[in-house]
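The tour goes from a pocket to a residue, then to a helix.

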Amino acid sequence: MGLERVEQVRQRLGLVPQFPIIIVAGTNGKGSTCAMLESIYRVAGYRVGCYTSPHFIRYNERVRIGGAEVADEVLVEAFQAIEQARQETDTALTYFEFGTLAAVWSLMQAKVDVGILEVGLGGRLDAVNVFAPQCSIVTSVDLDHMDFLGNDRECIGREKAGVFRPGAPAICGDNDPPLSLQAYAAEIGTDLRRIGHEFGFQAQQSDWHYRAGSQEYQLPLPALSGSFQLNNAASVINAVDCLQEILPVTLVQMRQGLQQVVLNGRFQVCREQPQVILDVAHNPHAAKALASNLAQHPVVGRTLAVFSMLADKDIAGVIQVLTPYIDAWYIAGVGHARGASAEQLREYVMAQASSSSLVQIHADVRNAYRQACNDAGENDRIIVFGSFFTVADIMCELATTQHA
């Protein structure tokens with residue numbers, strides 16, 4: 001673990017972006033935050049480069065320029081440039097390090113006006129952190145990737161705070177920011193902005209009120225479902241305001257950007273009667289957000305879960321949060337080396353599900369989904385969740401059936 005290797009290759013390539021960079025870290029909410037930033041800046045007329053991870057179906061999803069996935073030939077050229085520099089410096093790179101350098105190389109070639117870089121894991125030692133941000137956002141701090149980041153929120157918060165820079169805006173959208181994060185921000189002299197302190201919001205019935213010092217806006221609810229999205233939206237508006245001198249955005253453009261934002265795999269409704277919802281929720285914090293959405297969008301019928309998770313996640317914690325909202329479980333193993341088996345997942349579910357719940361296992365996620373579709377009535381809903389791999393499998397299934 002360290003940034004020395006990726007920094008060596010970055011220097012060899014001369015990757016010094018001239019466009020402003022926003023780095024987004026956090027346990028959950030990174031994807032939503034990146035999507036809102038991208039939407040607002042695109043509405044404002046900027047050429048936006050966005051690097052996120054992981055992808056669902058195509059690697060190209062990770063790199064967007066002007067709202068479109070980067071072309072194969074651009075990625076291949078980027079990979080060739082990274083590989084040549086890697087060989088010249090006799091440096092080993094991880095999959096994510098290689099991809100991060102290639103993404104920024106692609107954004108530089110495209111001459112974007114602003115780059116939005118999502119942290120893959122942690123922050124301090126993540127590959128995107130070799131680039132200097134004009135603004136950094138930590139969306140939330142919760143327990144995930146503890147083998148790498150530490151066993152409590154204080155350890156994890158310090159790792160995520162590693163994306164902060166002296167003198168630059170450092171935005172935290174967590175309602176209870178760890179003391180370690182705040183201490184590090186003070187130590188290096190960042191412009192720390194905490195939700196509920198330096199900025200905040202008040203939810204209203206059909207819109208919301210944002211305030212930061214003397215600055216106040218009345219804004220529409222973001223197009224992404226869930227009241228928790230207002231924490232992400234408020235952090236985004238604060239970031240946009242911080243960068244007004246170099247990336248001017250009007251209030252009208254902020255409003256339009258929030259209303260137009262789209263993000264796959266986050267309470268994404270794909271079908272109706274029965275309703276099919278995709279959500280990548282894979283840790284207890286994300287499961288609480290999913291549970292909140294399920295509670296806010298009740299159905300007349302039952303809720304059927306197509307469920308699969310990676311073995312190194314807090315499976316019991318996720319199930320505990322969502323069990324009250326699920327009437328039937330269709331369980332399968334993930335087709336991945338880190339995946340939990342269907343039998344393991346079934347044991348976790350049986351330990352917490354009510355005696356009236358239907359629990360069955362299937363050979364794979366697609367078969368589980370097909371059975372749920374067969375069993376669901378038009379007033380029921382099917383929620384597919386547990387990991388990016390789980391959702392990706394059903395995205396492929398939906399694409400296949402749509403073209404059949």
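**The second largest pocket**

In this predicted model, the second largest pocket holds about 710 Å³ of space. To find its centre, select F56, R64, V262, L263 and N264, which lie nearest to that point among the 33 lining residues. Colour the lining by residue class: 15 residues are nonpolar, 10 polar and eight charged.

Next, show the elements α2 (30-43), β12 (268-271) and α14 (388-402), each of which supplies at least two residues of this lining. Which element gives the most to the lining? Helix α2 does, with seven residues.

**E38 in helix α2**

Stay on helix α2 and select E38. Is E38 buried or exposed? Its relative accessible area is 7%, so E38 counts as buried, the cut-off being under 20%. Now display the contacts of E38 beyond its neighbours within four places in sequence: V48, C50, R64, G67 and I116. R64 is also one of the residues nearest the centre of the second largest pocket.

**Helix α4**

Move to helix α4, residues 95-109. Its 15 residues reach 21 Å from the first C-alpha to the last, close to the 21 Å expected at 1.5 Å a residue. The helix is mostly covered, with 12 of its 15 residues buried; among them are F96, E97, F98, W105 and L107.

To see what covers these buried residues, show α1 (4-13), β2 (48-51), β3 (63-65), α3 (72-88) and β5 (114-118), which are included in the cover. Finish just after α4 at K111, where phi is positive, about 55°.

Conventions. Residues are numbered from 1 along each chain as its sequence is written. This is a predicted model: local features need pLDDT of at least 70, side-chain atom pairs count only at pLDDT 80 or more; totals for chains, interfaces and linings use all residues. Side-chain values use heavy atoms; hydrogens and water are left out. On a 1 Å grid over the protein atoms alone, a cavity is a set of points where a 1.4 Å probe fits but cannot get out, and a pocket is an open set with protein on both sides within 12 Å along at least five of seven lines; lining residues have an atom within 4 Å of a point. Grid points are joined across faces, edges and corners, and a volume is the space filled by probe spheres set on the points. Helices (H or I, at least four residues) and strands (E, at least two) are DSSP runs, numbered from the N terminus. Ala, Val, Leu, Ile, Met, Phe, Trp, Tyr, Cys and Pro count as nonpolar, Asp, Glu, Lys and Arg as charged, and the others, Gly among them, as polar. Buried means under 20% relative accessible area, exposed over 50%, partly exposed in between (1.4 Å probe, protein chains only). Contact means heavy atoms within 4.5 Å. The expected span of a helix is 1.5 Å times one less than its number of residues.
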